[in-house]
Amino acid sequence: MKKFILSIGIAAVASVALADSNVVTVALRPDANAPVIPKEIYGQFAEHLGSCIYGGLWVGPDSKIPNQNGYRTDVLNALKELKVPVLRWPGGCFADEYHWRDGIGDPALRPRMVNNNWGGTVEDNSFGTNEFFNLCELIGAEPYLSGNVGSGTVEELAKWVEYITAESGPMAELRRQNGREKPWHLKYLGVGNESWGCGGNFTPEYYADVYRRYQTYCREFNGNKLYKIASGASDYDYNWTDVMMKKAGRFMNGISLHYYTVTGWSGKKGSALDFTDEDYYWTLGKCLEIAPVIRRHCDIMDKYDARKRVGLLVDEWGTWWDEEPGTIRGHLYQQNTLRDAMVAALSLNVFHTFADRVKMANIAQIANVLQAMVLTKDDKMVLTPTYYVFKMYRPHQDAKFIPVQVSTPIMDVRGDRKVPVVDATASLKDGKYCVSLVNTDLEKGVTVTVSLGGAAGKNLKGEILTGAKANSYNDFSMPEQVNLKPFAGAMVKNGVMTVEMPSKSIVTLTFE
């Protein structure tokens, strides 16, 4: 099957120094057979980890922090603006220790629990099934439920699905007793999480059999159709994908993949704020390495599923740095800089090129954890640079992918990472084109000429995201250091758009 891969003209250099030319060419190559970019690629992930849920999304109805039935008003409004298509919950590693019956009924009577995976925090279970599904309705997101396979039973997961979706029966009556008359809609059901690690330390052969068993008993009630997702591989574990597709492929609708942009798993991962220019470029090269990783997993899936019935879901991705000094160990609170925004844009560009197989992606995580959309502290909230990337990329959701050809200098970083000076993606929806460009160069602006492939280029509008430095960030005392601004540095003449991009910038242009 055809893959729509970004084509880059290589002009390699010996180090992170750039080639002399500051002119880059981009050509749109419309293809009638190109896929639609699933809006679910812009999915989010909310785990019971640190202050992602408690303090980030949920403060309770009695809080002095402005809230709507317990949900933070400021965060709710920010997520509505982002048009979140799908939200994954309750984990992550937490999912395989979560027992859903502890999180229903009168909040005052719910048992407390220790979050053994993340800092040993004691949680009161005040945010449970009803609270999650109601949140999804409030922000217009499709729920994605991660089921407990590691420490849970088949019956427990089966009855959770019944509690959520059944119109009648004992689980439906229990739901009504807890204040919800009508069933919720549940499409996405994950059967375990990271089953090769924190979700049970299974071998792929054993987990394939476990998956087949658990998914069998997750019934579909009242016409609710489940999209069943197997716990997939981490990064470069291609054998896991091979075994799962061979032994259980016909029982799944999707299989997950986790890929984090990290500098190393052992010891320190590096500071979110204190890094060198070379660190910056190497990080971008590491994030772009997800492209050949996805390609390899897709090739394996194609062996068993040439028609691409099974989707690949990158349901955990993003940067992972050392926790911010002074924060609680195990809560994974990190700052979010322009470098993280670059990682977000480049990663989304990659996902677009594999839209024929990649059907969802969920950045980790939505609030206060890893590469978050929002950071909160008491009654304050700040939007991160990554938030603004997701906002400026909204036109790509459910738009038809337009393959692009890019001719750009390439940087060779530390001999093992390649970084293009300019990266690009494009799409078309309802007669409107959207082109997003990323200039990774920390020092030089670049002139980009874009051949529009027949588009007229009328009603041109643009937005830009940049900052004074690669480590510029938004915090509670300075919330607007990195923010979207109107961009007027583009013009169209004779079917060619010329774009003057500043250094270290992301630009999105829409036109007809």
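Helices (H or I, at least four residues) and strands (E, at least two) are DSSP runs, numbered from the N terminus. The model is predicted, so local features need pLDDT of at least 70 and side-chain atom pairs count only at pLDDT 80 or more, while totals for chains, interfaces and linings use all residues. Residues are numbered from 1 along each chain as its sequence is written, and side-chain values use heavy atoms, with hydrogens and water left out.

Asp 242, in helix H6 (residues 238–248), is buried at a relative accessible area of 16%. Beyond its neighbours within four places in sequence, Asp 242 is in contact (heavy atoms within 4.5 Å) with Ile 300, Lys 303 and Tyr 304.

Turning to the sheet, six strands form an open, antiparallel arrangement in the order S17-S21-S22-S28-S24-S25. Strands S17 (400–401) and S25 (485–486) stand at the edges with a single partner strand each, so one side of each has no neighbour in the sheet. Pairing here requires at least two DSSP bridges between two strands; S22 (residues 432–439) and S28 (residues 505–511) pair in the antiparallel sense over seven bridges. Within this pair, Tyr 433 has Phe 511 of S28 as its bridge partner.

Note on methods
Buried means under 20% relative accessible area, exposed over 50%, partly exposed in between (1.4 Å probe, protein chains only).
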